[in-house]
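Here are a few friendly notes to read alongside the model. Please keep the viewer open as you go.

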Amino acid sequence: MEFFEYTNKYAIKQLATKTRRSDISAYELSETHRQLGSYLAISISDFLDMKDITISHPLGKRIGEQIDESDIIIIGLWRAGLYVAEGVRSVLQNSPLLLVKPEKNRGLSEKDRQELPKDLSGKHIIIADSVINTGKSMLPVLDELHASGAKSIHIASLVMPTSTAKKIKEIYINHNNVYIHTIRTSENSYIGKGGTDTGNRLFGDCHA
């Protein structure tokens, strides 16, 4: 298992600051999530497969390279992970995107399972979410997908508590096909309500 945190990148510092502001619109916040999702996808791309393609060059036909998306699946955790997932897909534009709503401590629903390919062996799976707080929603999904024989599983998140990051590292320390990519870790907990809930802020229903 490998863990990557991008806190100290200057571009990330600027975008992460925007996500923490209370005076930006829901739309601007969602666009920032998309940009951060794109950054995570570019970082994840280093672990994906490449293929040669024929391109039109000013001097004629040439061979170029592009990511082989035939075996990539993007899974976004509804609802706060929607825009991160869309940011990932802006880079991996030919990869299917499945939105799921896992239950805490239970993982994917039967409906979600039916929408996934029956055979996940050899697939690169990217699980996108904005905030991984306790891991109670994410970990059962990760466990299930890991057991499916996927070639690699990449968690793409914007923030998670350091305690949760430590827990995931300890569980998957001996699994070399699991990768965690997070914009930042924090000592804070992210159980919000109303105006402090990420989903409410993203969708503009902070009165909820």
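**Notes on the fold and helix 6**

1. Of the 208 residues in the protein chain, 47% are buried (under 20% relative accessible area with a 1.4 Å probe, protein chains only; exposed means over 50%). This is a predicted model, in which local features need pLDDT of at least 70 and side-chain atom pairs pLDDT 80 or more, while totals for chains, interfaces and linings use all residues. Numbering starts from 1 along each chain as its sequence is written, and side-chain values use heavy atoms, without hydrogens or water.

2. Seven helices and eight strands make up the secondary structure of the protein chain (DSSP runs numbered from the N terminus: H or I of at least four residues for helices, E of at least two for strands). The radius of gyration is 17 Å, close to the 17 Å from the globule rule for 208 residues, so the protein chain is as compact as a globular protein of that length (taken over C-alpha atoms; the rule is 2.2 Å times the number of residues to the power 0.38).

3. Contacts (heavy atoms within 4.5 Å) between residues at least 6 apart in sequence join residues at least 24 apart in 71% of cases.

4. Now to helix 6, residues 162-171, where T164, A165 and I168 are the buried residues. They sit on the same side of helix 6, because their arc around the axis is only 100 degrees (from the directions of axis to C-beta atoms). S163, K166 and E170 are exposed on the other side.

5. What do the buried residues of helix 6 pack against? Their partners are strand 1 (2-5), helix 5 (138-147), strand 7 (152-161) and strand 8 (178-186).
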